[in-house]
Amino acid sequence: MNFELTAEQLRIQQEAREFADQVIAPRSIEMDETAKFPLDIFKQIGEKGWLGIPFAKEYGGMGSDTLTYSIVAEEIGRASVSVGLSYVASISIGASPIAMYGTEEQKQRYLVPLAQGKELASFGLTEENAGSDAGGVETTAILDGDEYILNGVKRWITNSNYASVITVAAVTEQHANGRKRISSFIVPTNTPGVSVTSPYKKMGARASDTGEVVMKNVRIPKENLLGRANFGMKQFLTILNGGRISIAAISVGLAQAALDKALAHAKQRKQFGRPISDFQAVQFKLADMSMELELARNMLYKAAWLKDQGKPYIKECAYAKLFASETSFRSSNQALQILGGTGYMQEAEVERYLRDAKILEIGEGTSEIQRLVIARQLGC
Ligand SMILES: Cc1cc2nc3c(=O)[nH]c(=O)nc-3n(C[C@H](O)[C@H](O)[C@H](O)COP(=O)(O)OP(=O)(O)OC[C@H]3O[C@@H](n4cnc5c(N)ncnc54)[C@H](O)[C@@H]3O)c2cc1C
């Protein structure tokens with residue numbers, strides 16, 4: 001068993017760490033306050049090639065692996081969950097469906113600019129009646145000659161105001177007994193009939209763009225069907241299984257940020273004539289945060305490694321997403337407690353960590369759904 005990262009992984013980790021510290025972190029408070037999507041940061045991330053880490057070189061990507069991608073997502077998430085969420089949404093749920101199920105023509109046309117970092121992608125599954133129960137999708141796609149006509153509303157879609165394409169789930173077969181079959185489609189956002197509302201006002205991850213996508217008689221060529229007709233649900237579930245690694249990576253980054261802040265404060269803040277890090281009650285909190293972070297990171301790296309090895313990874317991805325997201329929430333809360341009143345103030349950033357952490361327990365399958373996934377893997 002080898003717990004060492006490769007020289008190339010260590011190099012990209014260092015580069016991502018410096019970028020996160022020098023470019024993203026100094027803007028994190030302002031991004032949270034203004035809730036403005038940092039397009040310029042994404043331009044730089046794109047130029048570094050990091051929007052294409054897991055995609056093949058022939059499609060403009062770096063041809064690297066899930067572990068390397070996770071390491072970069074972790075560093076970005078450490079500096080800003082907003083940037084992290086939009087980063088992983090474009091790669092793992094926006095562009096990956098095209099990489100996994102697209103035809104050669106679809107990959108050349110849509111994946112290449114995404115992998116090259118020139119454009120961003122979105123993933124459109126959630127609707128008013130389709131949240132945890134993704135099969136509740138009501139958006140329809142009706143074949144009309146050489147085109148599909150799409151009608152429906154997708155809500156809470158990350159990057160939708162900035163994406164060039166959205167991979168959309170829509171009903172392609174509806175039976176009288178209520179059963180339906182779902183397919184996936186590549187929908188360019190500039191197609192007539194597609195409109196995106198202004199971003200929602202959110203509790204956290206405020207600078208990550210989240211919009212509502214309305215599709216009204218949207219006509220797309222039938223060639224934009226992604227993968228096999230009526231197999232969309234299976235595809236989306238596969239994409240979400242892998243996507244959990246991404247949320248785990250951001251969560252590990254955030255838990256690291258919370259520990260770093262809490263430890264630095266505890267060593268410097270004096271009460272009763274000594275640093276509060278001398279008090280066992282504070283030490284125990286820091287010890288637990290550090291141990292849980294180590295466990296979450298190990299779970300993340302193992303899940304990514306399993307995926308890269310082509311081994312079964314569904315249970316391990318759910319473990320990693322569930323444990324890392326809950327760790328990031330607990331650690332942010334403990335960090336705030338260690339910072340006391342200072343932590344309650346915006347400039348200390350820890351209150352933002354706590355607000356940001358909550359989405360990690362909800363997006364790409366809630367904690368309850370992760371437990372259901374694990375239980376199913378156990379044969380329940
Ligand atoms: C900021 C943000 C960004 C997002 N980005 C995207 C995106 O880019 N694309 C996209 O398609 N979606 C996106 N989503 C949607 C997200 O994936 C859903 O919010 C999530 O899957 C949960 O669905 P829901 O919010 O409708 O909750 P619900 O499904 O209504 O669940 C409510 C509660 O009931 C629980 N629950 C539901 N069913 C069960 C069950 N069977 N057993 C036990 N408990 C259950 C849930 O765990 C939860 O606690 C985003 C959401 C947010 C907030």
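## A walk through the chain

Ile 142 stands opposite Ile 149 in strand 3. Start there, in this predicted model. The partner strands are strand 2, residues 140–144, and strand 3, residues 147–158. They pair in the antiparallel sense, and five bridges link them. Two residues lie between them, and the two strands form a hairpin. Look at Gly 145 in the turn: its phi is positive, at about 65°.

Step back to the whole chain. Its secondary structure comes to 12 helices and 10 strands. The C-alpha trace spans about 80 × 45 × 45 Å along its principal axes. How does the radius of gyration of the chain compare with that of a compact globule? For 380 residues, a compact globule would have a value near 21 Å. The chain has 21 Å, so the two agree.

Contacts tell more about the fold. Burial is next. Buried residues make up 53% of the 380 residues.

Is Thr 167 buried or exposed? Its relative accessibility is 0%. Buried means under 20%, so Thr 167 counts as buried. Which residues does Thr 167 touch, not counting those up to four places away in sequence? Ile 93, Gly 94, Pro 97 and Ile 98 are among them.

The next stop is Asp 356, in helix 11, which runs over residues 350–360. Asp 356 has a relative accessible area of 2%. That is under the 20% cut-off, so Asp 356 is buried as well. Leave aside its neighbours within four places in sequence. Asp 356 is then in contact with Val 81, Gly 204, Ala 205 and Leu 254.

The chain exposes about 17200 Å². Carbon and sulfur atoms supply 52% of that area. The chain has 43 positive and 43 negative charges. How far apart are their mean positions? The answer is 3 Å.

Conventions. Residues are numbered from 1 along each chain as its sequence is written. This is a predicted model: local features need pLDDT of at least 70, side-chain atom pairs count only at pLDDT 80 or more; totals for chains, interfaces and linings use all residues. Side-chain values use heavy atoms; hydrogens and water are left out. Helices (H or I, at least four residues) and strands (E, at least two) are DSSP runs, numbered from the N terminus. The radius of gyration is taken over C-alpha atoms; the globule rule is 2.2 Å times the number of residues to the power 0.38. Buried means under 20% relative accessible area, exposed over 50%, partly exposed in between (1.4 Å probe, protein chains only). Accessible areas come from the Shrake-Rupley method with a 1.4 Å probe; for residues, only the protein chains shown count as cover. Lys and Arg count as positive and Asp and Glu as negative; His and the chain ends are not counted. The place of a charge is taken as NZ of Lys, CZ of Arg, CG of Asp or CD of Glu. Two strands pair if DSSP finds at least two bridges between them. Contact means heavy atoms within 4.5 Å.
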